[in-house]
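Please keep the sequence and the structure in view while reading.

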Amino acid sequence: MAVQKIPLAKALNESLRKALETDPKVVVMGLDVGKLGGVFRITDGLQKDFGEERVIDTPLAESGIVGTAIGLALRGYRPVVEIQFDGFVFPAYDQIVTQLAKMRARSLGAVKVPVVIRIPYGGGIGAVEHHSESPESLFAHVAGLKVVTPATPSDGYWMLQQAIQSDDPVIFFEPKRRYWDKGEVDTEAIPGELHQARVAREGTDLTLVAYGPMVKTCLEAAAAAAEEGRSIEVVDLRSISPIDFDTLQASVEKTRRLVVVHEAPVFFGSGAEIAARITERCFYHLEAPVLRVGGYHAPYPPARLEEEYLPGLDRVLDAVDRALAY
Amino acid sequence: MTVDSTAARQPRRSSGTSTSGTKAAAGGAAKRAARAKKPRSSDSEPPLVQLLTPEGERVQHPDYDVDLTPEELRGLYRDMVMTRRFDGEATALQRQGELGLWASLLGQEAAQIGSGRALRDDDYVFPTYREHAVAWCRGVDPTNLLGMFRGVNNGGWDPNSNNFHLYTIVLGSQTLHATGYAMGVAKDGADSAVIAYFGDGASSQGDVNESFVFSAVYNAPVVFFCQNNQWAISEPTEKQTRVPLYQRAQGFGFPGVRVDGNDVLACLAVTRWALERARRGEGPTLIEAFTYRMAAHTTSDDPTRYRHDEERAAWEAKDPILRLRRHLEAQGHADAAWFEELEAESEALGKHVREVVRAMPVPEHMAMFDNVYADGHALVDEERAEFAAYQASFANGEGE
């Protein structure tokens with residue numbers, strides 16, 4: 001069956017399986033990715049079918065995982081690294097920023113380092129500290145890296161295929177609280193371009209732009225607003241580096257209002273970049289300043305407070321109201 | 001602050017005679033003076049593998065040996081002379097403003113030539129930023145090494161042309177790349193080996209220790225070649241470790257060997273042995289080449305602020321080139337004419353390097369946007385176009 005209704009986690013698993021089947025140079029590596037199948041089971045069954053040489057349980061050292069993945073890539077492999085949780089990527093941050101991102105340019109194009117780093121990110125699952133963060137801006141700021149994040153099972157399947165096929169390093173953020181959300185995946189479809197945004201819902205009064213876990217929240221907000229007679233467009237960015245500003249600009253020129261939504265702290269977040277660029281591009285179209293909804297400038301709070309910290313339906317609608325009031 | 005620091009600095013100028021200052025400063029001075037009097041590779045240091053004494057006498061070691069023809073011995077000597085001359089030229093070019101910076105290898109020629117000449121063509125090298133003599137062994141055009149120090153690129157060679165990776169400036173990162181590369185070699189079923197260079201300072205880095213863990217666990221065919229040149233800029237090895245560095249390997253589960261880093265024959269023998277272990281699937285080896293950084297850390301450094309001339313003088317007596325010359329002369333393997341010819345050849349290299357460096361073109365402005373990505377990136381394209389338009393606006397202005 002080419003079309004299946006499966007959860008995001010299963011779509012990612014199928015995508016990795018497909019990559020391991022089609023390209024002998026693809027290797028999966030990380031903590032507990034073997035017998036356990038990863039703490040979220042994204043690599044479930046892969047070691048059993050592809051062996052310990054292709055699906056590699058690594059020592060518990062994130063810099064070591066990414067550093068050796070770079071070496072494997074220089075040897076001609078395509079490593080797909082799993083970082084267990086968002087808050088655990090920082091021991092590898094030096095290897096990612098200083099080595100992985102810059103190596104192609106330093107070599108004047110002589111080498112490529114096609115490493116994919118999968119990171120389950122974001123909150124909403126009641127986890128302990130360091131398991132709910134959204135560090136995408138810290139990677140999008142770095143030239144040489146590409147940063148993408150799927151919001152649906154179909155995008156999970158196809159974007160991971162495309163990230164693995166890319167000759168560039170890709171940071172692949174997986175919205176962990178959406179792992180169990182089901183959607184249709186057509187494994188024989190012709191996928192869209194990896195870095196192209198998607199209009200997830202059409203509307204005329206205001207554009208909500210989001211990515212990853214917040215796309216669902218924004219769709220719910222748009223549905224709620226529709227009951228009040230407001231037509232909200234939702235754009236799923238899909239790619240955070242590069243950002244498809246053309247699609248976003250076309251939407252804003254139509255709706256004349258933009259609210260950016262992400263879980264990451266607003267301060268220096270991707271919303272700041274989007275607001276600045278859209279203001280430059282759409283200055284004479286805008287009826288209101290670009291508003292942002294996101295996390296606060298405080299460490300991610302204990303789980304019992306996360307519903308207050310995260311942008312939920314009401315906070316998104318509050319921003320929609322404020323933007324429409326101009 | 002000024003009084004104390006003056007007192008603390010005094011012993012460097014007049015060794016051993018602590019004079020003025022506070023009691024604490026005088027005590028520190030006495031300690032420093034004592035350390036300077038004790039040669040740092042004294043009898044208290046563990047034994048090291050040596051095949052050629054500083055006097056040029058060939059000695060035997062129970063575990064390591066090399067059997068070289070006179071021509072091969074002359075070849076090693078030539079390598080060291082040529083790379084020292086190249087290094088000296090680069091230092092001079094920095095002083096003349098032609099290079100922004102230079103990291104001299106002076107004193108470390110034997111460690112680099114010995115290990116570099118142990119490699120096969122299909123082996124792969126992951127250097128720091130000081131492996132100029134290893135690059136020489138790999139056939140990298142020496143002038144290519146100068147591009148990054150002149151500021152015209154960040155690494156001017158194709159790593160795969162000579163299996164010599166780009167220089168890595170952030171300390172220790174490359175040991176993980178070497179380990180990953182070696183894991184790939186093993187996966188490919190090849191019998192090549194990989195060598196990772198680093199220093200005593202980098203031995204403290206997490207990445208170096210993680211590379212030891214990974215290479216041991218995966219039994220990767222990699223040789224860790226640590227040039228312990230005694231100084232991480234101003235910090236002596238005692239600030240990095242409480243045990244001799246080679247002994248660390250044991251805790252990770254593979255052998256470690258300390259070799260006389262100023263003995264090109266011993267470095268060659270021990271590295272060959274370690275590479276063969278890797279090829280046979282016996283996993284990683286740590287080699288600690290015990291040597292000395294005769295020059296400053298870089299041309300921006302001032303070693304007179306932290307070390308004594310006596311220490312340098314003690315190491316000068318163990319010079320790697322001098323001892324091989326003594327050996328060649330004593331054995332009658334080379335005559336005065338040969339040495340003169342080599343001298344002329346090295347001078348020609350210096351002249352060539354000077355000419356090439358001075359003629360090195362500054363890259364086109366637009367080059368900074370090149371190769372940021374392999375598959376392109378919309379923002380880079382946009383900024384490139386913006387910058388081109390900005391540049392063009394000046395050209396238009398002139399025409400009006």
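How many helices and how many strands are there in chain A? In this predicted model, chain A holds 12 helices and 14 strands.

## Overall form

Along the principal axes, the C-alpha atoms of chain A fill a box of roughly 60 × 45 × 40 Å.

Of the 326 residues in chain A, 56% are buried. When contacts with a separation of 6 or more are considered, 80% of those in chain A are accounted for by residues 24 or more positions apart.

## The five-stranded sheet

In chain A, an open sheet with mixed pairing is formed by 5 strands, in the order 9-11-10-13-14. Strand 9 (198-201) and strand 14 (291-295) of chain A each have a single partner strand and stand at the edges, so one side of each is left without a neighbour in the sheet. Direction ignored, neighbouring strands of this sheet are turned against each other by 25 degrees on average.

## A parallel pair and its helix

Within chain A, strand 10 (residues 206-210) and strand 11 (residues 232-236) run parallel and are joined by 5 bridges; A:V209 has A:V235, in strand 11, as its bridge partner.

Helix 8 (residues 214-227) of chain A packs on the sheet, where it touches strand 9, strand 10, strand 11 and strand 13 (258-265) of chain A. The direction of helix 8 makes about 170 degrees with that of strand 11 of chain A.

Conventions. Residues numbered from 1 in each chain as written. Chains lettered and ligands numbered in written order. Predicted model: local features only at pLDDT ≥ 70, side-chain atom pairs only at ≥ 80, totals over all residues. Pairing = 2+ DSSP bridges. Helix = DSSP H or I, 4+ residues; strand = E, 2+ residues; numbered from the N terminus. Axes fitted to C-alpha atoms, helices over the stretch in contact; angles between N-to-C directions. Contact = placed C-beta atoms within 7 Å. Buried ≥ 20, exposed ≤ 12 C-beta atoms within 10 Å, placed from the backbone.
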